[in-house]
Amino acid sequence: MTRMIQSNAVSFQYLHTTEAFLKDININVNKGECILICGASGSGKSTYSRILNGISPAYIEGELSGEHFTADLRAGESEIEEYVPKVGSVFQNPKTQHFTVDAMSELAFPLENTGVDPEIIREKIIEKSEALEVDHLLDRNLFEMSGGEKQQIAFVAANMLEPIILILDEVTSNLDQEAIERIRNMVLKLKATGQTIIIFEHRLAWTRGIVDRYLLFDDGKIKKEWSADEFNQLTNDQLHDLGLRSMDLDAHREQIQLKLKASNNSANAKLSTKNLAVGYLDHKVLNNLDLSFNAGEVTGLLGPNGTGKSTLANTLSGLQESITGQILWDNKVVSKKELIQKSYLVMQDMNYQLFSDSVENEILLGAKHPEYLDDLLNALNLSEFRDRHPMSLSEGQKQRVVIASALLSGKEIIIFDEPTSGLDYEHMERFGNLLSDLKKSKNVIIVITHDEELASKWCDSIIQLKK
């Protein structure tokens, strides 16, 4: 069989660091294989993905030892431009890889960039969009799409040049179950064409029946390798012991249904809404909302991408005006200004909320309870990064920094928008335990999530929003 990826004793150390992030990696991947690389945040997965697609050491510099080939391109010697037609990449946040404002232009962009004739570009767009079932999105503005729709366009754009290798880096972390199923179908179709696919992922359940081999990274090394059959026989408890998420979500889904049935409006709610409509003057996203949120409880806010969960969060935190209706605190109507003073919103894209030059300063910015800094750094596994610049951290680490800021803020309403999107099992558990501690302060806690493990285990009640 044709070997598409070959790593022989590969180690990699970033500039200005004292320790290698990858240590003696040996991996061989044949044409048409689909492998999944899993492991805790900081285990070296992202570093290895950057070597696969040529970003390191060409762009993100460091010292590479051993030898690595992606297709026939040698890491450290081949130019990054040589990777473009051979390796496609899709990342966790589709916003980071959009270059235009509408779907048609986005799919045309990689072809235009390589000088393809306009007529052929049009044919390719139709061919690829129909094959991967996104042709209904071609006339849409990217800024008006849901997260799942944006990710689908990013997925197709990465395949417009027909790369022989596709790298998927946490592509489902912000997606609902329906959107994940669409991504899964796309992967299956591409695998059937013989494309080699490398998946880096925390959420494992959707990969059953797609992946041929699973590799576990730990501290920059390959700790374990399984065939698909071997991995599928592992129980959830065995996966958790390895620091991995559940493969079988049935029990979590049953628990969510029980919490949905038990959820009810409370006359004693601390925060509530009455006939609330949210959205924009020309487009109401949600109408007639009568919701209740009790102090000292965690309320999960679930629903498909595009239902308006983030819009509702922005409105409840005072960042966005409601269209009609009322928001009440202790049964008294509160203004937008009062909501801003009471609320802390941890956004889905945490990069918008990082301002300081170190993790410690970031967490202490506006903190009401700075005396708990050390305890919180330990609880969120951030102590070793306290002097690092927040923007130098991984997405999961950045997420934990903003969560820490929220927990020290002393605000009465704390809203988390997809707080575990980039978190591994251990850090999901740590976050869940912090939610339990936060309830003791009688805060109103709202968690917007697609994470069924988080919702089933740590949400006291669940509100399901529908389109």
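Biologist: In which sense do β18 and strand β19 (residues 444–448) pair, and over how many bridges?

Modeller: Strands of a sheet pair through backbone hydrogen bonds, either parallel or antiparallel. In this predicted model, β18 and β19 are parallel and share five bridges. Ile 413 stands opposite Val 444 in β19. From β18 the chain passes through helix α16 (residues 425–439) to β19, a right-handed β-α-β crossover. Right-handed means that, with the strands pointing away from the viewer, the path from the first strand over the helix to the second runs clockwise. Two strands pair if DSSP finds at least two bridges between them; helices (H or I, at least four residues) and strands (E, at least two) are DSSP runs, numbered from the N terminus.

Biologist: What conventions apply to the numbers?

Modeller: Residues are numbered from 1 along each chain as its sequence is written, and side-chain values use heavy atoms, without hydrogens or water. Local features need pLDDT of at least 70 and side-chain atom pairs count only at pLDDT 80 or more, while totals for chains, interfaces and linings use all residues.

Biologist: Which strand is joined to β18 by four bridges?

Modeller: Strand β17 (residues 343–346), which runs parallel to β18. Val 346 stands opposite Phe 416 there.
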